[in-house]
Amino acid sequence: MDHLTALENKSIFIIREAYYRFRNIAVLWSIGKDSTTLLWHCRKAFFGKIPFPVLHIDTGYKFPEIYRYRDRYAKEWGLDLIVARNEEKIRSGMGPDKGSKLECCTELKTNALKAAIARHGFKAILLGIRRDEHGIRAKERVFSPRDGDFKWNYEDQPAELWDNYKSTTHEEDHYRIHPILHMTELDVWNYVKREEIPIIELYSSKEGKRYRSIGCQPCCSPIESRARTVDEIIEELTTTKTSERAGRAQDKEDAYTMQKLRSLGYM
Amino acid sequence: MEERSLHIVIVGHVDHGKSTLVGRLLYDTGSLAPEKYEEIKAASGGEGGSVEFAYVMDHLEEERKRGITIDVAHTFFQTAKRRYVIIDAPGHKEFLKNMITGSSQAEAALLLVDITQGVREQTRRHCCILGLLGIDQVAVLVNKMDVVNYSEEAFDSVKGDIESALSGVGVNPSYIIPVSAIKGDNVADRSPNLGWFKGPTVLEALDSFSSLGMEDKALRFPVQDIYDMDGTSVIVGRVESGSMHRGAEVCVFPEGRTARIREIRKFMADDIEEAATGECIGVCIEDGALRRGQVLTDGATPTRSGSIRANVFWMAGRAWHPEMELVWKGTTQEARARIERILKRFDPASIEVIEKDAEEILPAEVAEVEIRLEKEVVVDRFTEIPEMGRFVLEHLGEPVAGGIII
Ligand SMILES: Nc1nc2c(ncn2[C@@H]2O[C@H](COP(=O)(O)OP(=O)(O)OP(=O)(O)O)[C@@H](O)[C@H]2O)c(=O)[nH]1
């Protein structure tokens with residue numbers, strides 16, 4: 001079995017396991033290449049018809065291209081799309097320039113997710129994070145429990161042997177399920193190429209710049225790049241040395257911002 | 001380049017240099033992003049001081065402050081030969097469950113031994129775990145050679161101890177290599193400081209390991225779930241061993257009845273005749289309904305039993321006692337279980353059998369046990385079909401032990 005097929009099978013196994021264990025789950029779709037790859041695996045796992053909602057957390061600061069892409073493919077792939085927004089904070093003008101970035105992420109992303117989980121009673125959320133993205137994510141489990149306050153107890157994670165995942169929950173808990181944890185950035189692009197997954201145009205170079213990682217507009221900066229096609233992006237990644245999230249503000253504030261965000265329930 | 005990536009776990013006693021080695025390996029092979037290196041340099045205590053390569057892997061604030069690894073971290077790099085997934089495991093006894101979590105994913109291991117300390121408690125314990133998990137590709141790295149001025153005599157005297165300690169747990173190291181993780185001697189490049197050593201560098205040792213092959217084995221297909229697709233019942237699961245063929249007659253265990261495979265399904269693929277080991281598929285069968293936990297087989301018959309003999313490693317912080325309620329989980333099967341008899345228990349850090357016919361198993365101990373299950377399950381010996389020969393025991397939903405069927 002080739003490398004990409006092996007990665008895909010691993011992911012499908014995890015997705016089906018999560019669905020069996022919890023039934024009431026949702027997949028988080030940020031519209032980026034990783035969560036779209038995850039969504040692709042979900043479609044494969046369920047023969048084209050995903051039997052649970054697809055959740056998009058909208059901070060109101062997303063790129064306009066994101067909304068267009070989202071609505072087009074939600075329709076084409078027959079997704080049960082739920083858009084979650086922290087309306088109160090968006091209306092009160094919360095933003096990355098008001099207070100700290102940490103606070104903004106916590107309110108507009110983490111708390112919006114919290115509210116959506118509570119409203120729909122989801123027992124597990126599928127997330128497209130990868131181990132090679134960040135040192136903190138390198139430490140994640142595939143089935144990662146969160147308590148009622150969303151806390152991640154990273155100092156005492158459950159054992160996870162072979163493909164046996166802890167899945168018991170208490171009333172208030174939920175699980176974060178990470179089906180593509182084992183894929184690298186390059187794996188994702190090679191997979192996107194092989195499967196011909198449609199990818200949002202923000203990743204392609206325009207006037208010498210492109211986004212390598214996308215999130216909210218104010219907190220993402222593009223990189224210098226001439227790569228327009230998926231092939232050119234793959235070519236660029238095999239020669240570059242800078243890391244993927246170099247353009248992401250959350251990772252920069254200090255060495256432990258990401259850890260603090262994640263322990264509070266950030267993705 | 002080889003298709004599959006090789007998973008390597010890094011083990012050894014506390015502070016013998018596991019994380020430092022991984023950091024150095026990434027740095028010397030150019031796999032570390034420059035700004036990541038800058039971040040580590042800054043976190044190491046600013047200008048002038050030495051760079052703490054362990055920070056590449058030890059990313060939690062608590063880990064850096066305490067100078068230890070708490071949980072496993074996976075990282076990726078590649079050589080001209082293949083891709084690697086490097087799993088850095090913690091050395092503290094307290095975090096043994098994390099070390100086992102990491103090792104359960106590995107096909108080969110690097111064991112670090114600090115030259116000034118020699119074989120210690122966790123060196124032995126980790127070796128024993130590797131042996132139980134069937135990881136037999138092991139390279140021992142005798143680290144911190146810089147501290148002893150790269151002395152060949154010092155290396156030779158530790159080497160003998162290592163060999164005898166490892167053979168005690170049935171591990172036969174492929175190499176014993178002198179290195180300095182912090183300075184990079186013999187990690188990615190051969191070092192003039194260690195000119196007397198004729199063996200491979202760490203990188204060469206890694207490239208000499210082989211991926212576990214896909215042998216031709218009997219079919220084992222544990223049912224994962226059943227989906228209703230427009231009125232058709234589709235059985236989903238992963239082919240754990242062997243292969244599945246359209247039209248073939250299979251046995252449904254534990255009942256032992258037969259069924260015929262009418263169709264193999266995958267999304268966006270038509271007319272599938274065969275599915276190989278590792279593939280997640282859907283199948284439709286001609287007769288009868290199935291449920292999760294049943295196993296489709298062909299050829300060599302698996303063991304169907306309500307009682308199994310196994311080696312278990314106790315990961316929980318609390319000891320096992322006879323009243324403890326357990327759940328046995330192997331592939332997609334699940335059954336309530338009791339440990340009926342402890343034939344012997346031992347502390348892998350010393351390897352001496354503590355007790356025969358014991359009444360308890362303490363944290364971090366290993367025991368040979370007989371487990372009684374509330375219903376029959378389908379298993380194979382670990383040495384025959386590993387996927388079907390390993391399991392987890394849970395207590396109140398918490399994984400407390402791993403087991404290998406003997
Ligand atoms: N002199 C010298 N010091 C080393 C070498 N390798 C590691 N060290 C130091 O040994 C200490 C422990 O190294 P780590 O890499 O954190 O050890 P570890 O085995 O990962 O530790 P745990 O994961 O907590 O068990 C650190 O202070 C390192 O700088 C070496 O080759 N020479």
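Student: Why is Asp58(A) called buried?

Tutor: Buried means under 20% relative accessible area, exposed means over 50%, and partly exposed lies in between (1.4 Å probe, protein chains only). Asp58(A) has a relative accessible area of 4%, so Asp58(A) counts as buried. The model is predicted: local features need pLDDT of at least 70, side-chain atom pairs count only at pLDDT 80 or more, and totals for chains, interfaces and linings use all residues. Residues are numbered from 1 along each chain as its sequence is written, chains are lettered from A and ligands numbered from 1 in the order in which they are written, and side-chain values use heavy atoms, leaving out hydrogens and water.

Student: What makes Asp58(A) and Arg85(A) a salt bridge?

Tutor: A salt bridge is a side-chain nitrogen of Lys or Arg within 4 Å of a carboxyl oxygen of Asp or Glu. For Asp58(A) and Arg85(A) the N to O distance is 2.8 Å, which meets the rule. Arg85(A), at 32% relative accessibility, is partly exposed.

Student: Why is the pair of Asp58(A) and Arg85(A) said to tie parts together?

Tutor: Helices (H or I, at least four residues) and strands (E, at least two) are DSSP runs, numbered from the N terminus. Asp58(A) lies in the loop between β2 (54-57) and α3 (64-76) of chain A, and Arg85(A) in the loop between β3 (81-84) and α4 (87-91) of chain A, so the pair ties together parts that are 27 residues apart in sequence.

Student: How do you know whether Arg146(A) and Glu140(A) are buried or exposed?

Tutor: Arg146(A) has a relative accessible area of 1%, so Arg146(A) is buried. Glu140(A) also has 1%, and is buried. The two form a salt bridge, their closest N and O atoms being 3.0 Å apart.

Student: Which parts of chain B does the pair of Asp347(B) and Arg125(B) link?

Tutor: The side chains of Asp347(B) and Arg125(B) meet in a salt bridge at 3.2 Å, N to O. The pair links distant parts of the chain: Asp347(B) is in the loop between β17 (333-346) and β18 (353-358) of chain B, and Arg125(B) is in helix α5 (residues 121-132) of chain B, 222 residues apart. Asp347(B) is partly exposed at 22%, whereas Arg125(B) is buried at 1%.

Student: How do you know that chain A is in contact with chain B?

Tutor: Contact means heavy atoms within 4.5 Å. 55 residues of chain A are in contact with 66 residues of chain B. Buried area is the accessible area (1.4 Å probe) that two parts lose on being put together, summed over both. Between chain A and chain B that area is about 5300 Å², of which carbon and sulfur atoms give 56%. Phe47(A), Lys139(A) and Trp162(A) supply 18% of the area that chain A buries against chain B, more than any other three residues.

Student: What makes a set of residues a nonpolar core?

Tutor: A nonpolar core is a set of buried Ala, Val, Leu, Ile, Met, Phe, Trp, Tyr and Cys residues joined through side-chain atoms within 4.5 Å. The largest has 85 residues; those that touch the most other members include Ile8(B), Leu21(B) and Phe313(B). This core draws at least three residues from each of domain 1 (6-208) and domain 3 (303-405) of chain B, where the domain bounds come from an automatic or database domain assignment. A second, separate core of 62 residues includes Ile14(A) and Phe52(A).

Student: What joins domain 2 of chain B and domain 3 of chain B?

Tutor: Domain 2 of chain B and domain 3 of chain B bury about 1100 Å² between them, 62% of it on carbon and sulfur atoms. The count between these domains is one salt bridge. Arg220(B) forms a salt bridge with Asp380(B), the closest N and O atoms being 2.8 Å apart.
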